[in-house]
Every structure is written in structure tokens, then in C-alpha cells.
Amino acid sequence: MVAQNIFFYVIAATMVGSALVVVTSRNVVHSALALIVVFGGVAAQFVILAGEFVAVTQVLVYIGAIMVLVLFGIMLTRAKIGRDPDMTNDHWWVGVVTAVLLVGVMGYALVDRFGDDALPADRRIDAVNGSNTATVSDAIFSQYLIPFEVISVLLLSALVGAIVIARKDR
Amino acid sequence: MLNQFLLLGAVLFCIGVYGVIARKNTVLVLMSIELILNAVNINLLAFGAMHGDITGAVFALFIIAVAAAEVGVGLAMVLIIYRNRASVDLDDVDSMRG
């Protein structure tokens, strides 16, 4: 439990620092690379929470696919890769006020309600099979089969829609 | 132990909200939205571990799939805005302003 806490705080500090780089950096590519660090940290937190399958999916989908798409978007839309002083708009202080208020309210509510709830030491849901991955697949293909199929159709329609929106010959 | 995960999620969420409000570049706004979705996923996994329920992990997977679809369509829209206006600056996309 102590080792888990140490790892949690090390990873969490890295994640928060990288997330701040994502939203404050003057270089778009630096923002994207910092976002990869955040995604990797989120995958590590999933491992601490015994969600191995979600962690692997996070690495495959976010770091492997979404970040490549985002980097493609950066390369295709910006002629110059590098520092750009004009990246934050004039009323950025509205964002600071909103974020600080929101983190204050949410932090107070969370500490007030879940301040002394503990996580179980053994976070395997199904101790018979010994892994949460088997339980996840059981749940997806029985209880959540219809949402799973709906997600498949959504992905297909998003793919077709993206091609239709972005193609040139119209 | 539960609360530190929830607080981490809240902090990441608020950093993402700041990014959505303050950034000018459309691609950076999309990246901030990804931050927000990841914060929600941490919360789902933490609550799932607290209740000993697999539903949190299943819905985190669904959110990852929806995020992939959202990024695909979002970047296609960014590309067509760039092609029509030669800019991805959100302040330039103001044709709805009266």
C-alpha cells in the first residue's frame, strides 16, 4: 500500500505538470508531446486501480492512434512548427477563474463526501479467474452487448463522416 | 486512497476546462477535451474499484471509443476550416456573430 501511494504521487505530479504544459505551452508540438506523457500517466493510474485491460487500451488507442491523428492535424494545419506567441486568447483569465472555482468546489465536495472512503486492498473483481480482463470481457459481451454494438456503429459512422467532411472533390 | 484518485481527476478536469476556454488554436482545444475525457475515465475506474464493480472499466472503454470517434470527426472539421479560411484560429470562426 505504501509503494502504491509513492507511485501514485510520483505519477500524479508528472501528470499534472505535463497537463499544465499542454494548456500553457507556446509550441503546439510540445503540447502534443506533453499530452502523450499525461496519457501514459493515466494508463499507469489504471494499472494501480487494477484495470489492466483499460490501461492497455489507453496506450493503444490514445497514444497509438489519437496522438498520431492529432499530430497529423498539427502538421496539416500549421505551416510553421515552432513557437507562436499568439496561442492564448485575450480573455484567458476567464479560464483561470473558472478552473480555480471549479477545482475548489469539486475538491471541497469530494473531500466532504469521499474523504474517508478507502479502496479495497485486493482490487480484482473476480478472484476466481484472477484477472479483471476476463470479467471485463464477460460484462461487455453479455450485459453490455447492445451498448457495445452501438459503439461499433458510432465508430463506423464517425469514420465515414470524417472522410465525407474532409475529402476534397466536392 | 480513493480520494486522491478523485482529486487527481478533478485537477486534470479543471486544467482541461482552462485549456478549452483559453486556447486559440482549434487543435489545442481538441487536446484539452481529451484531457477532460481522461479525467473522467480515472474517476470511473476509481469508483469501480471502490464498489468492486466492473461497470466502471466497461464504461471507461466506451468513453475511449467515443473519444476516438470525436477526435476523428473533430480533426476533419479542423481540416476543412483550415482549407476554407487558411487559419485554425477560433477567433476567426465568427460567422455566427450578429
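The centres of domain 1 and domain 2 of chain A, taken over C-alpha atoms, lie 22 Å apart in this predicted model. The domain assignment places domain 1 at residues 1-81 and domain 2 at residues 129-170. The predictor gives the complex an ipTM of 0.91 and a pTM of 0.90. For chain B the average pLDDT is 89. In that chain, 99% of the residues score at least 70.

The two chains meet along an interface. Here, 60 residues of chain B are in contact with 73 residues of chain A. On the chain B side, α1, α2 and α3 each supply at least two residues. The most come from α3(B), which gives 21 residues to the side that touches chain A.

The largest nonpolar core holds 71 residues. Seven of these touch the most other members: A:V38, B:L12, B:I15, B:V27, B:L45, B:A46 and B:A57. From chain A, two or more residues each come from α1 (2-24), α2 (28-48), α3 (52-77), α5 (132-140) and α6 (145-166). From chain B, the helices that do so are α1 (2-22), α2 (26-51) and α3 (55-85). The most residues come from α2(B), which gives 14. The core lies between domain 1 (1-81) and domain 2 (129-170) of chain A, because both domains give residues to it.

Within chain A, the packing of α2(A) against α3(A) was examined. Their axes come within 8 Å and cross at roughly 170°. The two helices are therefore roughly antiparallel. On α2(A), the contact includes A:V28, A:V29, A:A32, A:L35 and A:I36. Further along α2(A), A:F39, A:V42, A:F46 and A:V47 are among the residues that take part. On α3(A), the contact includes A:E52, A:V54, A:Q58, A:Y62, A:M67 and A:I74.

A second pair joins the chains. The axes of α2(A) and α2(B) come within 11 Å and cross at roughly 10°. This angle makes α2(A) roughly parallel to α2(B). From α2(A), the contact is made by A:V28, A:S31, A:A32, A:L35, A:V38, A:F39, A:V42, A:Q45 and A:F46. From α2(B), it is made by B:V27, B:L28, B:M31, B:E34, B:L35, B:N38, B:N41, B:I42 and B:L45.

Single residues show the packing in more detail. B:N38 is found in helix α2 of chain B. It is buried, because 29 other C-beta atoms lie within 10 Å. Leaving out residues up to four places away in sequence, B:N38 touches A:V38, A:F39, A:V42 and B:L12. The C-alpha atoms of B:N38 and B:R83 are separated by 30 Å. These two residues are 45 residues apart along the chain.

B:L45 is also part of the α2(A) and α2(B) contact. Its neighbours within four places in sequence were left aside. In chain A, B:L45 is then in contact with A:F46, A:L49, A:G51 and A:V54. In chain B, the partners of B:L45 are B:G56, B:A57 and B:A60.

A:A19 sits in helix α1 of chain A. With 27 other C-beta atoms within 10 Å, A:A19 is buried. Not counting residues up to four places away in sequence, A:A19 touches A:V38, B:L12, B:I15 and B:L35. The C-alpha atoms of A:A19 and A:L71 are 17 Å apart, with the two residues 52 residues apart along the chain.

Methods: Residues are numbered from 1 along each chain as its sequence is written. Chains are lettered from A and ligands numbered from 1 in the order in which they are written. This is a predicted model: local features need pLDDT of at least 70, side-chain atom pairs count only at pLDDT 80 or more; totals for chains, interfaces and linings use all residues. A nonpolar core is a set of buried Ala, Val, Leu, Ile, Met, Phe, Trp, Tyr and Cys residues joined through C-beta atoms within 7 Å. A residue is buried if 20 or more other C-beta atoms lie within 10 Å of its own, exposed if 12 or fewer, and partly exposed in between; C-beta atoms are placed from the backbone. Helices (H or I, at least four residues) and strands (E, at least two) are DSSP runs, numbered from the N terminus. Domain bounds come from an automatic or database domain assignment. Two residues are in contact if their C-beta atoms, placed from the backbone, lie within 7 Å. pLDDT is the predictor's confidence in each residue, from 0 to 100. Axes are lines fitted to C-alpha atoms, for helices over the stretch in contact, and angles run from 0 to 180 degrees between N-to-C directions. Angles under 35 degrees count as roughly parallel, over 145 as roughly antiparallel, 65 to 115 as roughly perpendicular and the rest as oblique.
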